[in-house]
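Please keep the sequence and the structure in view while reading.

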Amino acid sequence: MNQAMITDASLYLHRATKNKVYFSDVKILLPSSWPGNSSIQRPTTQSYEKANVIIAEENPKYGDTPYTLQYGGCGEKGRYIHLTPDLILNDSLPIYGKKGPLFVHEWAHLRWGVFNEYNDEKPFYIAINGRIQATRCTKEITGSMKDCSSGSCSNCKIDERTGLYDKRCNFYPHKVQAASSSIMYNQGLENVVEFCDETTHNTDAPNMQNQMCNYRSTWEVIKESEDFKNTSLTHNGSQCPTNSHTCTGQGSGALFSPCHLRKHEPGG
């Protein structure tokens, strides 16, 4: 796995969790068919079936878009994160933004059972004040609503049936934001480095986070996980993970990467 991506993800995760957790080590499992060297070890308890992250060819439904297999309810861990080789190796896919924050977005799905704060099916809603709002968290994320379907952008039109903007309309966040959340809405925005919490969460947005977590913010769900129990201290040391490579019996050309969190312990 791309070492720079995981290092960047660890630094980003540390900040996003208020300096409490980071990736301490990453086990990278290589197929046995790959050429070996003296630094590659045999796996102990690691296996493809237990991998937190799978790097494999694209799923026809998603292409190179990362996704997390998430069967459970709010706060329940997912099965695995799926990344493609093109996403890992190709730096010319700017649509996904920086890879470190992207990985943390998926990790939050996997590890802490939180959900997206956008909704492609319901990108807009009517707020209490009667105005149309973009589905997002936080409401402080600024942007413009435009119809750019014809190649040039124009004002959006109202669908008389729904009272919302029609399907050709999109919300385009401004590149520079004053708001620092939320990672589960759009981690690709430059200033976004936090999860929505009790003070910034948008309970009106028709998104999966509100639907699945009874209108609680992502940070409220995350901080209740086992990773944050009895963790009142912050970690101010290195947040760079260590990497090790092991060889599996799998014959495919993919990397499989179980990742482990470390939280700050007293005296640690």
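The text below treats the salt bridges, the pockets and the surroundings of one leucine.

The model is predicted, and local features need pLDDT of at least 70, side-chain atom pairs count only at pLDDT 80 or more, and totals for chains, interfaces and linings use all residues. Residues are numbered from 1 along each chain as its sequence is written, and side-chain values use heavy atoms, with hydrogens and water left out.

**Salt bridges**

Side chains of opposite charge can pair when their charged atoms come close. A salt bridge is defined here as a side-chain nitrogen of Lys or Arg within 4 Å of a carboxyl oxygen of Asp or Glu. By this rule the count comes to eight salt bridges.

| Lys77 | Glu226 | 3.1 Å |

Helices (H or I, at least four residues) and strands (E, at least two) are DSSP runs, numbered from the N terminus. The salt bridge of Lys77 and Glu226 links distant parts of the chain, 149 residues apart: Lys77 is in the loop between strand S3 (67-69) and strand S4 (80-83), and Glu226 is in the loop between helix H6 (218-222) and strand S10 (242-247).

For accessibility, buried means under 20% relative accessible area, exposed over 50%, and partly exposed in between (1.4 Å probe, protein chains only). Lys77 counts as partly exposed because its relative accessibility is 45%, and Glu226 is partly exposed at 47%. Lys98 counts as exposed at 56%, as does Glu190 at 52%. Arg168 is partly exposed at 44%, whereas Asp166 is buried at 14%. Asp166 and Arg168 also belong, with Asp147, to a network of salt bridges.

**Pockets**

Rolling a probe the size of a water molecule over the atoms shows where empty space is left. On a 1 Å grid over the protein atoms alone, a pocket is an open set of points where a 1.4 Å probe fits, with protein on both sides within 12 Å along at least five of seven lines; lining residues have an atom within 4 Å of a point.

The largest pocket has a volume of about 1900 Å³, and 49 residues line it, with Asn116, Tyr118, Asn119, Asp120 and Glu121 nearest its centre. S3, H3, S9, H4 and H5 give two or more residues each to this lining, and the largest share, five residues, comes from S9.

The second largest pocket has a volume of about 330 Å³. Its lining has 18 residues, and Gly97, Lys98, Lys99, Pro101 and Glu190 lie nearest its centre. Helix H1 (3-16) and H3 each supply at least two lining residues, and H1 gives the largest share, four residues.

**Leu164**

Leu164 lies in the loop between strand S8 (154-155) and strand S9 (169-173). Which residues does Leu164 touch, not counting residues up to four places away in sequence? With contact meaning heavy atoms within 4.5 Å, Leu164 touches Phe124, Tyr125, Ile126, Ile132, Lys157, Ile158 and Asp159.

Conventions. Points joined across faces, edges and corners; volume = space filled by probe spheres on them.
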